[in-house]
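Subject: Handing over the structure

Hi there,

Here is the structure I promised to pass on.

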Amino acid sequence: MYEHRWTKDFLDSLREQGDPFADETVAKMLHDGTVQHAGELFKTLSSNDAKVADEQIPELKEFIAKTKKLPDKVDLKRIERGEEAFMRNACPACISLLCKSLPEGYAAPNLSMILNISKNLERHPYARLIAVLQLVINVGALRGFQPDGRAVITAQKVRLLHAGIRHITHKYRPDYPKRFQEPVNHEDMLATIMGFSLLVITGLQKLDVSLTNQEAEDVLYLWCVFALMCGIHPPNEPDSMAYLPSSIADAKAFYAEFGKRHYTSASENPDGVELTRANIKMLKQMIPWPLRLFGLGIIVPVYVVHLVGFEGAKRVGVRPVWGHSLLKTSFFALTRGITFIWRKVNSDNGSADGNVHRTFSNIAMQFLVDHKFGGQVEFTIPVTLQNLHNMVKTP
């Protein structure tokens, strides 16, 4: 069923498909003048037991009711195994996402133009970081696919967010469809979700973080169910996984074709270069300042090149630092020493781990949580550029 289906004709057809139900919902809300009130309602949907209780937005209530049901024949046991595997590796998974998935995605101008449409994202990269990390945690966390769970609610938010982005793109970038067809189409959405899943998985493998073949397949399955709930399915077939990869090998086949179709050079993709530059700057600031004093901020581009490769880094304007191989070897050796101390300190609570990248990611992510942010990112349906500006302001 899945063999040889990632053909040009098939992928071209995905580029013509969006999300009519979400688009119609947002259009009705715009017509009624209620779209701005949706943000207030979504603030009540952040916990697993939250329910929609607002009768003032009937279009949104209808959308929530019709999109909250899990697809038929979903294997909840596989989802649970995928959640457990993800949460066990959450910190290094976030490093893989930030240093591999995002830069690789930025190499496609059809994605980077959308991500950079407000021309303000690069000025407030932390807000974008937190929003992306929160999405990944909401989907990968335990019990996210239970009724009214975080993954279910996040899928509903993503569909409305994408509808707002399509509205903005048609309004403010009318030439986009001539180059790339429908904004936030099925092919681009699928590539983005493969960035959150497949590329994170392959990044973890590159970092020597333990993940069995079955665990990798289960994590991918978890994200494919999320993709289905985000509307990536054949028209009028909400339970069909025909548009989604059936395995890691199938996902790699899709993403290889996507890259061939859309990756360009840095000179042809200024938005991607700009986003990558902002991302690296932000990642350097995530490193605790005592380590930055010793010049360890330079390890960020080393990680990026290590994970995406020399050619991949070049596509988004990242040049290997002088002495890349020596710096990488030296840093990994230094981190082994930190790991030894970390294991000694944490030996009593069972959190010790011998992987140097896991240790580094634990330290970096804990610093981010402790010193940079708290709470959740508020949700808004972006129907104007000002909405986008507000969404990316530093919390």
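The side chain of asparagine 89 reaches back to the backbone oxygen of alanine 85, at 2.8 Å. That is a polar contact, meaning a pair of N or O atoms within 3.5 Å; within protein, one must be able to donate a hydrogen and the other to accept it, and residues adjacent in sequence count only if both atoms are side-chain atoms. Asparagine 89 is in the loop between H5 and helix H6 (90-106). Its relative accessibility is 1%, so asparagine 89 counts as buried (buried is under 20% relative accessible area, exposed over 50%, partly exposed in between, with a 1.4 Å probe and protein chains only).

Before you go on, please note that this is a predicted model, in which local features need pLDDT of at least 70 and side-chain atom pairs count only at pLDDT 80 or more, while totals for chains, interfaces and linings use all residues. Residues are numbered from 1 along each chain as its sequence is written, and side-chain values use heavy atoms, with hydrogens and water left out.

Now the overall picture. The protein chain has 20 helices and zero strands (DSSP runs numbered from the N terminus: H or I of at least four residues for helices, E of at least two for strands). Of its 395 residues, 55% are buried. Contact here means heavy atoms within 4.5 Å. Among contacts between residues at least 6 apart in sequence, 77% join residues at least 24 apart.

Leaving aside neighbours within four places in sequence, arginine 78 is in contact with Gln214, Glu217, Asp218 and Tyr221. With a relative accessible area of 21%, arginine 78 is partly exposed.

Aspartate 250 is buried, at 8% relative accessible area.

Next, the rings. Rings of Phe, Tyr and Trp (its six-membered ring) pair if their centres lie within 6.5 Å; planes under 30 degrees apart count as stacked, over 60 as edge-to-face and the rest as tilted. The count comes to ten aromatic pairs. One of them is tilted: tyrosine 255 and phenylalanine 258, 5.6 Å centre to centre with 40° between the planes. Because they are three residues apart in helix H14 (residues 248-262), about one helical turn separates them. Both tyrosine 255 and phenylalanine 258 are buried. Ring pairs also link a cluster made up of Trp6, Phe10, Tyr243, Phe254, Tyr255, Phe258 and Tyr263.

Finally, which residues have the most contacts inside the largest nonpolar core? They are Phe145, Met194, Trp223, Phe226, Phe254 and Tyr255, in a core of 90 residues (a set of buried Ala, Val, Leu, Ile, Met, Phe, Trp, Tyr and Cys residues joined through side-chain atoms within 4.5 Å). Helix H13 (residues 213-229) supplies the largest share of this core, twelve residues. Apart from it lies another core, of nine residues, including Met29, Phe63, Ile64 and Leu160.

Happy exploring!
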